[in-house]
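Welcome! Please take a moment to look over the sequence and the model shown here, and then we will walk through them together.

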Amino acid sequence: MAQQRMEWMNISVRMAGEWLDKLAEANKKADKPQYRNPSQPAAEGIARDIKADEWHKNAGVISINSAGIVIDGQTRLLGIVLSGIAVYSWVCFNVETAMGHGNGRPRRLSDYLRYMGYKNYFVLGAATKLIWDYEHDNMWSGGKRRIATESELLSMIEKRPRLAKESLKATSAIRKLTSGTIPTLIWHQGSKLYTDETITEFLGAVGNGVSLEAGDPRLVMRRCYLDNQKAGSKERVSKLQLCARFIKAWNFYVIGDFPITLRRLKWNPGDPFPKF
């Protein structure tokens, strides 16, 4: 089986048309069409968005199998043809139905990151989305709710190569207390002002809890996680609440404001989300 790969491509009208022609030819040869055909009404809407320079709001990854046939993104390609304008998009090649992604179509950002060869791809994908939401004020009810597309998240990772390294460092530092998703946010934002040593010291202490005194923000945060793991489904706090508490614990730690209590870490969802 050919190796999956991802490319950021400028898809011309001619290229989009050729891919669609190959799709139509494959369906014509088969007794029963094997591949989805594009939706004309939806493609017309995409074409309008492209002409209005709003393609980034609808962009997704186009998937092509080893035979060169489009298995996801047909309607987007037709939108390019109808608009008469070339656009940039991520294209995933050699995606097969045998890979178990539902008709050969990868559904999660982590799938694409795995194809691209990233280590810790699951945490990297989840952390990138979390960082996007944090930076675009999506974390609370009064936020702007600018939801990212897969293409935007992939581009964010490409433009910030340190993100992949930070996800590995954060996951290692936090040990087995929790996944590296929220710790990667802490590392990414914290590194703008503080050294790797400071961040490692903070996350490592939350992860292992060794030699921490009562009221230390790292110990209070660690107990938040441990208590939450033991709590029943009704008593368990949300991941968003844990993220808010983690940010507040970091802030208390770096400014030296402790001892603290759990009450000082709690976040009211009606309030603006904590900032670094």
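**A guided walk**

Let us begin with Pro259, which sits in the segment after H11; helices (H or I, at least four residues) and strands (E, at least two) are DSSP runs, numbered from the N terminus. Pro259 is joined to Phe258 by a cis peptide bond, with omega at about 20°. Most residues other than glycine have a negative phi, and most peptide bonds are trans.

A word on reading the model: it is predicted, so local features need pLDDT of at least 70 and side-chain atom pairs count only at pLDDT 80 or more, while totals for chains, interfaces and linings use all residues. Residues are numbered from 1 along each chain as its sequence is written, and side-chain values use heavy atoms, with hydrogens and water left out.

The mean pLDDT (the predictor's confidence in each residue, from 0 to 100) of the protein is 88, and 92% of its residues reach 70 or more. Over residues 98–106, pLDDT stays under 50. Where pLDDT is low, the predicted coordinates should not be read in detail.

Two residues other than glycine have backbone angles to look at. Asn94, in the loop between strand E4 (87–93) and helix H4 (109–115), has a positive phi of about 65°. Ser211 lies in the loop between helix H9 (196–208) and H10, and its phi is near 55°, also a positive value. Asn94 is buried, with a relative accessible area of 11%, whereas Ser211 counts as exposed at 72% (buried means under 20% relative accessible area, exposed over 50%, partly exposed in between, with a 1.4 Å probe and protein chains only).

Now turn to helix H5, the place of Trp132. Trp132 is buried, at 8% relative accessible area. Leaving aside neighbours within four places in sequence, its contacts (heavy atoms within 4.5 Å) include Arg146, Glu152 and Met156.

H5 also gives the largest share of the lining of the largest pocket, 6 residues. On a 1 Å grid over the protein atoms alone, a pocket is an open set of points where a 1.4 Å probe fits, with protein on both sides within 12 Å along at least five of seven lines; lining residues have an atom within 4 Å of a point. This pocket is lined by 19 residues, and Ala126, Ser179, Thr181, Ile182 and Lys239 lie nearest its centre. Helices H5 (121–135), H8 (181–190), H10 (217–230) and H11 (239–255) are the elements that give two or more residues to the lining.
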